[in-house]
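Colleague: Please take a close look at one part of this model for me: the place where the two chains meet. What touches what there, and which charged pairs are involved?

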Amino acid sequence: MAWMRAIKMGFGVVLCISALSCGGGGGSSSGSGTGGTTPPPPPASPANMVSVIVDAGPPSVNSVNTLFVSVTVCVPGSTTSCQTIDHIQVDTGSYGLRLLAPALTLTLPVETLAGGNSLAECTQFVDGFSWGPVALADVTIGGEKASSVPVQVIGDSRFTNIPSGCSGTGGMEEDTVSKFGANGILGIGPFELDCGDCDTNAANGFYYSCTTSCTQTAVPMAMQVPNPVTHFAVDNNGSIIDLPAAAATGVAMLSGSLIFGIDTQTNNQSGTQTVLTVDPMSGDLLITFNGQTLSNSFIDSGSNGIYFADSSISLCTNQSINTFYCPGNPLTLGLSMQGLNGVMANNLTFTVGNAQTMLSTAPTDTDDVLPELAGTLPPGNEGSFDYGLAFFYGRRVAVAVQGDKTSAGTGPYIAF
Amino acid sequence: MPTFRSNKFLFPVLFCAVLSALGPNIACATLGEAETTVQTDVDQMRASIRSSQDRLGYRVHEVQLPTGTVLREFVAPGGNVFAVAWAGPAKPDLRQTLGKYFDAFASAPRQNFADRRHVQIQQGDLIVEARGHMRALSGRAYLASAIPSGVSMGELH
């Protein structure tokens with residue numbers, strides 16, 4: 001029966017993928033699905049696999065090196081109040097599903113705390129914040145479903161009163177599709193929850209208890225916004241992003257796969273992958289570059305470039321992109337990575353191209369896949385190297401969730 | 001070093017409490033303000049000073065915030081805060097710590113091809129540089145003209 005469900009889901013995804021609203025897309029139950037013995041036409045993807053794309057994003061966004069997926073959300077328990085939303089960013093550097101209210105046609109029920117107050121969240125990003133209630137939804141991605149899972153609804157018109165403690169974290173309010181740069185974000189990094197201590201610490205800076213106004217609150221873990229993969233019935237110990245290589249000079253778009261589970265099906269085997277465990281608090285690992293070991297480094301599908309500090313590389317002179325590198329000729333540089341388990345990935349190379357040529361010269365400015373886009377990284381408390389989506393081009397990268405076992409090890413880890 | 005919890009903070013704290021009562025737009029902080037506002041920040045953010053250290057050319061107060069984040073405030077020999085830096089799971093209340101410079105930061109135009117992992121902003125004398133990802137956010141803000149001579153930028157984190 002698994003293949004029949006796979007066919008249904010396959011049709012559902014195909015029919016829904018281009019439409020903003022689509023009823024009935026999320027009505028299947030979860031289960032393992034490796035297909036039957038007779039492949040049905042049209043060929044359906046395995047249930048734990050969904051296609052992903054790097055393109056310009058929602059209309060007028062013009063993103064580069066940003067990975068997107070379509071996600072179907074339903075009012076919990078409903079098979080008709082459902083919507084498939086395209087251009088949800090796939091992000092291994094955050095945790096949880098967040099949807100932009102302007103892209104959402106459903107009314108999802110907001111979670112209520114023990115005292116009857118509504119739960120809302122201030123999601124902090126480096127350059128800004130997103131505000132909105134935490135609501136429940138049945139979430140289907142490909143053929144996998146998480147039932148009644150907390151998601152954040154960003155920019156919800158029912159919650160316009162942003163607490164000063166949230167706006168005070170500074171930067172841009174990222175509560176519209178154009179400011180956020182996507183219709184939502186799917187955080188599938190190596191942790192289950194988006195906060196380490198929000199169940200016990202009321203002054204956590206993220207969760208708020210709201211009536212007419214909102215105050216910070218502790219929240220039971222079950223009510224916090226989780227990486228939805230961890231709530232799938234099966235294939236819930238991590239995710240794999242599998243992207244083809246892209247031409248160095250850039251291409252318009254790139255298609256690949258997001259696969260759920262690690263070593264749970266025939267299509268998600270670890271094989272001989274190198275497993276680098278990451279910091280259990282931050283998700284960071286060590287990268288050695290230019291003779292320096294940078295201990296706050298990370299591999300991140302949510303970063304649109306390769307970001308690091310190297311004062312010997314020329315910056316772009318165009319003021320609008322003067323934090324990006326613009327070497328006269330492409331530079332191929334080496335680095336090595338080390339997990340907290342001591343495992344090394346040596347002799348890796350990457351190339352720094354001229355960002356000005358990539359970003360502003362016709363006709364290549366229509367390219368949204370730029371493997372050699374690199375920029376400066378602001379200094380922090382420890383050295384850092386942020387290896388963005390370009391790391392995933394031409395690789396199959398697994399992210400295992402903290403505490404979960406695979407044949408290759410125990411999360412949190414990243415493997416490739 | 002307990003010196004910086006001494007009574008010399010009492011007056012400004014009371015003064016700021018009065019100011020705060022007048023309205024939320026009157027801030028008692030900190031970047032570009034007198035060292036005494038470090039204690040104001042600590043009180044406003046229900047934090048605690050973990051250490052205060054004299055270094056060559058400046059003094060740094062390390063503040064433990066209830067979110068788990070550590071905030072450092074750098075004080076020039078002249079007595080004013082010239083830089084703040086943070087690292088941890090959440091950003092500090094930057095409206096409090098940047099004071100009158102907060103609006104310049106909040107309204108700065110977004111950089112081209114920005115993502116959510118980095119920001120480098122220059123608005124007049126104010127420079128904000130931050131980076132990181134969920135659960136690990138770090139950054140600093142400083143007044144370019146107020147860096148004491150001889151202080152290396154690499155120390156300000």
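Modeller: At this boundary, 61 residues of chain A are in contact with 36 residues of chain B. Contact means heavy atoms within 4.5 Å. The model is predicted, so local features need pLDDT of at least 70 and side-chain atom pairs count only at pLDDT 80 or more, while totals for chains, interfaces and linings use all residues. Residues are numbered from 1 along each chain as its sequence is written, chains are lettered from A and ligands numbered from 1 in the order in which they are written, and side-chain values use heavy atoms, with hydrogens and water left out.

The area buried between chain A and chain B is about 4,100 Å². Carbon and sulfur atoms give 52% of that area. Buried area here is the accessible area (1.4 Å probe) that two parts lose on being put together, summed over both.

Now the polar side. Between chain A and chain B there are 26 residue pairs in polar contact, both residues at pLDDT 80 or more. A polar contact is a pair of N or O atoms within 3.5 Å; within protein, one must be able to donate a hydrogen and the other to accept it, and residues adjacent in sequence count only if both atoms are side-chain atoms.

Several elements of chain A give two or more residues to the side that touches chain B: β3 (82-91), β4 (95-100), β5 (118-125), α2 (164-167), α3 (177-180) and β16 (292-299). Helices (H or I, at least four residues) and strands (E, at least two) are DSSP runs, numbered from the N terminus. The largest share, 3 residues, comes from β5(A). By type, the residues on this side of chain A divide into 22 nonpolar, 29 polar and 10 charged. Ala, Val, Leu, Ile, Met, Phe, Trp, Tyr, Cys and Pro count as nonpolar, Asp, Glu, Lys and Arg as charged, and the others, Gly among them, as polar.

Next, the charged pairs. Side chains of opposite charge can pair when their charged atoms come close. A salt bridge is a side-chain nitrogen of Lys or Arg within 4 Å of a carboxyl oxygen of Asp or Glu. The whole structure has 13 salt bridges over all chains. Between chain A and chain B the count is 3.

One of them pairs A:D91 with B:R117, at 2.3 Å from N to O. A:D91 lies in strand β3 of chain A and B:R117 in the loop between α4 (102-106) and β5 of chain B, so the pair joins two chains. A:D91 and B:R117 are both buried. Buried means under 20% relative accessible area, exposed over 50%, partly exposed in between (1.4 Å probe, protein chains only).

The side chains of B:R116 and A:E174 also form a salt bridge, at 3.4 Å from N to O. B:R116 sits in the loop between α4 and β5 of chain B, and A:E174 in the loop between β8 (172-173) and α3 of chain A, so this pair too joins two chains. B:R116 and A:E174 are buried. Shared partners also link A:D91, A:D300 and B:R117 into one network of salt bridges.

Compare a pair within chain A. A:D194 and A:R98 meet in a salt bridge at 3.0 Å, N to O. A:D194 is in the loop between β9 and β10 of chain A and A:R98 in strand β4 of chain A, 96 residues apart. A:D194 and A:R98 are both buried.

The loop between β9 (184-188) and β10 (207-210) of chain A also holds A:N204. A:N204 is buried, with a relative accessible area of 2%. Its side chain reaches the backbone nitrogen of A:Y207 at 2.9 Å. Leaving out residues up to four places away in sequence, A:N204 touches residues of both chains, including A:C195, A:D197, B:T67 and B:A90.

Last, the chain B side. Chain B has 4 helices and 7 strands. Buried residues make up 54% of its 157 residues. Strand β5 (residues 118-123) of chain B runs antiparallel to strand β6 (residues 126-133) of chain B, joined by 6 bridges. Two strands pair if DSSP finds at least two bridges between them. B:Q123 has B:L126 as its bridge partner in β6(B). β5(B) and β6(B) form a hairpin with 2 residues between them, and B:G124 in the turn has a positive phi of about 65°.
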